[in-house]
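Visitor: Please take me through this model one topic at a time.

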Amino acid sequence: MKHLLVDVNCADNDIKAKALKELKNICEQCRACELCKTRTSTVFSDGSPSAPIMLIGEAPGADEDASGIPFVGRAGQLLNQFLEEAGLSRKNDLYICNTIKCRPPQNRVPTQEEKLACQAYLMGQISVVKPKIILLCGSTAVQSFVEQDFKISMLRGKWLNIFDNIEVMAIFHPSYLLRNHSTDTGSPRWLMKKDLQNVKVKLDEILQ
Ligand code: SF4
């Protein structure tokens, strides 16, 4: 099923940055679900508001909760490594966020209620950033947009028809890759490398 975005007029990068700052300010005060009681900080985003690629993960972990920045722990460092190898700049090419903005206790998977409560922030971010490409990083991010049952191993690497004018691909979450060290042909790390190479090719085509 296709998802519709609110048509926010944010062509100018300064206006985008201002709109995101306002959304972040609201998010920092949010008490719409139980996770507000246990968070240290809300974790809104990292990277450039005018980035052509938006990467959406699952939820903040301990390092992210402490720093307020997504993907800074071990999984984030591994993600940086994969991005670099594919010729993608985390700082300039990506805007990074999570499906939900507060850390679930013991890093459990967010509940459906928590995801629904937090959805407006994510959809707001997509509407304002208007990326050319969205990377859904791991099953939780994919579940927000794909209704049918799926296995991330079957869906990853494919371009998905979810939004008009945005190319969407599911990729493995780096936390999964931390548990799978092999780089042999066909291994998850090998597939992640291939997927991000394809993303880079697509990005170059789009920006031509
Ligand atoms: S997870 Fe989202 S909805 Fe829940 S308190 Fe945090 S910002 Fe609000």
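**Phe 172 and its surroundings**

Visitor: Which residues does Phe 172 touch, not counting residues up to four places away in sequence?
Guide: Leaving aside residues up to four places away in sequence, Phe 172 touches Gly 138, Ile 152, Arg 156, Leu 177, Pro 188, Leu 191 and Met 192. Touching means that C-beta atoms, placed from the backbone, lie within 7 Å. The model is predicted: local features need pLDDT of at least 70 and side-chain atom pairs count only at pLDDT 80 or more, while totals for chains, interfaces and linings use all residues. Residues are numbered from 1 along each chain as its sequence is written.

Visitor: Is Phe 172 buried or exposed?
Guide: Phe 172 counts as buried because it has 21 C-beta neighbours inside 10 Å. A buried residue has 20 or more other C-beta atoms within 10 Å of its own, an exposed one has 12 or fewer, and a partly exposed one falls in between, with C-beta atoms placed from the backbone.

Visitor: How far is Phe 172 from Leu 207?
Guide: Phe 172 and Leu 207 are 35 residues apart in sequence, and their C-alpha atoms are 25 Å apart in space.

Visitor: Let us turn to the sheet. In what order do its strands come?
Guide: The sheet is open and has six strands, in the order E1-E3-E2-E4-E6-E5, with mixed pairing. Strands pair if DSSP finds at least two bridges between them. Strand E1 (46-47) and strand E5 (159-163) are the edge strands, each pairing on one side only.

Visitor: Which helix packs on the sheet, touching E2, E4 and E6?
Guide: Helix H9 (residues 188-207) packs there, and the strands in contact with H9 are E2 (53-57), E4 and E6.

Visitor: In which sense do E4 and E6 pair?
Guide: Strand E4 (residues 133-137) and strand E6 (residues 166-171) pair in the parallel sense, over five bridges. Along this pairing, Ile 133 stands opposite Glu 167 in E6.

Visitor: What about E2, which strands does it run parallel to?
Guide: E2 runs parallel to strand E3 (residues 94-98), joined by five bridges, and parallel to E4, joined by four bridges. Ile 56 stands opposite Cys 97 in E3, while Ile 53 stands opposite Ile 133 in E4.

Visitor: How many residues of E2 are buried?
Guide: Five of the five residues of E2 are buried, so this strand is largely enclosed by the rest of the structure. Ile 53, Leu 55 and Gly 57 point one way from E2, whereas Met 54 and Ile 56 point the other way.

Visitor: Which residues have the most contacts inside the largest nonpolar core?
Guide: Met 54, Leu 55, Ile 56, Leu 135 and Leu 136 have the most contacts inside this core of 47 residues. Its largest share, seven residues, comes from helix H5 (residues 112-129). A nonpolar core is a set of buried Ala, Val, Leu, Ile, Met, Phe, Trp, Tyr and Cys residues joined through C-beta atoms within 7 Å.

Visitor: What does Leu 136 touch?
Guide: Not counting residues up to four places away in sequence, Leu 136 touches Ile 56, Ala 141, Val 142, Phe 145, Val 168 and Ala 170.

Visitor: Back to H9. Which of its residues are buried?
Guide: Met 192, Asp 195, Leu 196 and Val 199 are buried in H9. They cover an arc of only 95° around the axis, which puts them on the same side of H9. The arc is that of the directions from the helix axis to the C-beta atoms. The buried residues of H9 pack against helix H3 (74-85), E4, E6 and helix H8 (174-178). On the other side of H9, Val 201, Asp 204 and Glu 205 are exposed.

Visitor: And which residues of H3 are buried?
Guide: In H3, Ala 75, Gly 76, Leu 79 and Leu 83 are buried. Seen down the axis of H3, they fall within an arc of 95°, so they line one face of the helix. They pack against helix H4 (90-93), H8 and H9. Arg 74, Gln 81 and Glu 84 are exposed on the other side of H3.

Visitor: One last topic: what is the phi of Asn 107?
Guide: Asn 107 has a positive phi of about 55° although it is not a glycine. Asn 107 sits in the loop between E3 and H5. Lys 130 also has a positive phi, about 50°, and is not a glycine; its place is in the loop between H5 and E4.

Conventions
Helices (H or I, at least four residues) and strands (E, at least two) are DSSP runs, numbered from the N terminus. Two residues are in contact if their C-beta atoms, placed from the backbone, lie within 7 Å. Axes are lines fitted to C-alpha atoms, for helices over the stretch in contact, and angles run from 0 to 180 degrees between N-to-C directions.
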